[in-house]
Amino acid sequence: LARELDGRTLVIAPPSLLDRNNPGSWPNVFGDFGVRQTDFESVGKIDDLLRRDVSKYANVFIDESHRFRTETSQTYEKLAQICRGKRVILVSATPLNNYPTDILSQIKLFQNGKNSTIPNVRNLENFFNGLVRKLQGLDRQADRTQYFSVVRANAGDIRERVLKYLMIRRTRTEIMKYYGADLLAQHLRFPDVTDPEPLFYTFNKAEDEAFSSTMDRIIRDFRYARYKPLSSEYYLGEVDILEQQSQVNLARFMRILLVKRLESSILAFTLTLDRFIHSYERFIEELEKGYVYSSKKYTGKIFDLLEVGDEEGVQRLIDQDKAERLPASDFKPEFLAHLKQDLAVLRDVRALWAKMKRDPKWTAFCELLKSHPLLTSGKLIIFTESRETAEYLAAKIASEVEPRVVCFSGQSDNAVRQR
C-alpha cells in the first residue's frame, strides 16, 4: 500500500517499532520493500512534529491507532491537526476496546463525523451513538446474555455498514488463502491453536477478605484526587474543558491501573501501592506548604506510558513535572481533605496485603508448569501486562521450575533483545 501512494509519508509509531535494531521495525520493513520518502516519528513526540512543517506530508501511517480512541485528550487533538487534509492509514489489531465510539474516534482522524463519504452512513456520530444507546441500561454481568447479543449485533453493523468501506483485514484464514504459497516457500506456518484452558486458584479466608475489601475500597472509597487537581471538583480557577477532561481521564486510567495490578500479582500490586503512597505524601506535603504543582505539558506522554505499562515512568512524570506552581488558595478546602482520605485508604490496603504470607496464584501456576504434559517439554512464552510481574515470575520459575529463563520487557537492553 505504501509503495502505491505518491507524495511524502509520515509514520507515527511506538519507539520499539522504530528501533532499527528490530528487524520488524517500520524503518527496516519500509527499507526492505523499497518505500522511500518516509519520515518516522515516535508517538511521544507529537509536539515536536507540530513545531515542524507537516504540510509536506501527503500520507500519515499511525501504528497502534487504538491509543487514540479518546477524542477529549490533548494528544488526540494534536494528532488530528497533523492528519488534517492528508491520507491517513491506521494500523491496529484491537481497534475496538470498550465502546463502539472507540472506532468512531479513530475514523474521525480522516472522516468528517457529521458528513462522511461512507455510503448510507453520512452522519457517523449519529450511527455510533445509536449503537451505544442499545447498550445503555444493560449490565455486563447481570444481563450477560442480552449484553453480548447486542455487542455482537453492533459489531456486525459496524463491520457491514462502515468498516467494509474503510478496512483492509488480514485474518489468519485470508493469509493462508491468498499467501499460502509464499508462507510455504519461507517455511512459515501458523501454529495450531486449541481452546484456552482455565487455571483456577483458591484464596484462603484471609486472602479472600483482603481481595474483596481492596476492590471495594479502590473502586468506592478512593477518589484519585491526586491525579485530577485541575478538575472543577477541586480547582477554583479557569481551565478549558479539554484540560479538565484530560484530568478526569487520567484519574480513570490510574484506577484501571490499580485494578489491573491487583489482578496481575500481589507483588506488582504492592509495589504500585508503594508508589501511590509516596506520590500522595509528597503532594500533600507541598500543598500544606501552600502550593500545588501541576502542568499540561506531559498529559499526552502520560497516556502513552500508561498504554505500554510503564507505570514507574508515569509516576515519575507526574511527580517531577513542576512546570506551574499554583497557590493553595486556588483550591477548594475539600481538596486537601480528599487527598488525606485517599492516602488513608492506600495505607489501609497496603497494611492488609503486608499480612499475606503466600501467593496462591503462583502456587497453582507452579504446579501446572511442573505437571502439564504440554508445558514440561519445549520452550514456553508467558505474557503479562506488568513488567514487575514478569520479573517476579522469571525469578520464581528460575528458582523452582527451570533455571534457563529470559525475562523481556520494553525496557530490556540490546543484550537481552538479541539473546
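Colleague: What are the ground rules for reading the model?
Modeller: Residues are numbered from 1 along each chain as its sequence is written, and side-chain values use heavy atoms, with hydrogens and water left out. This is a predicted model, where local features need pLDDT of at least 70, side-chain atom pairs count only at pLDDT 80 or more, and totals for chains, interfaces and linings use all residues.

Colleague: Where is confidence lowest, and where is it highest?
Modeller: pLDDT is the predictor's confidence in each residue, from 0 to 100. The chain averages 87, and 92% of the residues score at least 70. Where pLDDT is low, the predicted coordinates should not be read in detail. The lowest mean, 52, belongs to helix α11 (residues 299-308), and the highest, 96, to helix α13 (residues 333-354).

Colleague: How many helices and strands does the protein chain have?
Modeller: Both are DSSP runs, numbered from the N terminus: helices are H or I, at least four residues, and strands are E, at least two. The count is 16 helices and six strands.

Colleague: What is the radius of gyration of the protein chain?
Modeller: The radius is taken over C-alpha atoms, and the globule rule is 2.2 Å times the number of residues to the power 0.38. That rule gives 22 Å for 419 residues. The chain's value is close to this, so it is as compact as a globular protein of that length. The radius is 24 Å.

Colleague: In what order do the four strands of the open sheet stand?
Modeller: Two strands pair if DSSP finds at least two bridges between them. Here the pairing is parallel. β2 (38-42) and β4 (87-91) each have a single partner strand, so they stand at the edges. The order is β2-β1-β3-β4.

Colleague: Which residue in β3 stands opposite T9?
Modeller: Strand β1 (residues 8-13) and strand β3 (residues 57-63) run parallel. Five bridges join them. The residue opposite T9 is N59.

Colleague: At what angle does helix α3 run to β3?
Modeller: Axes are lines fitted to C-alpha atoms, for helices over the stretch in contact (heavy atoms within 4.5 Å). Angles run from 0 to 180 degrees between N-to-C directions. Helix α3 (residues 74-83) lies across β1, β3 and β4. Its angle to β3 is about 145°.

Colleague: Which residues of α3 are buried?
Modeller: Buried means under 20% relative accessible area, exposed over 50%, and partly exposed in between (1.4 Å probe, protein chains only). Seven of the 10 residues of α3 are buried, so the helix is largely enclosed by the rest of the structure. They are Q74, T75, Y76, L79, A80, I82 and C83.

Colleague: Which residues does S42 touch, not counting those up to four places away in sequence?
Modeller: S42 lies in strand β2. At 11% relative accessibility, S42 counts as buried. Its contacts are I12, A13, P15 and L18.

Colleague: What is the phi of N120?
Modeller: Most residues other than glycine have a negative phi. N120 is not a glycine, yet its phi is positive. N120 lies in the loop between α4 (101-107) and α5 (124-135). The value is about 65°.

Colleague: Is H187 buried or exposed?
Modeller: H187 lies in the loop between α7 (172-185) and α8 (205-221). Its phi is near 60°, a positive value in a residue other than glycine. At 76% relative accessibility, H187 counts as exposed.
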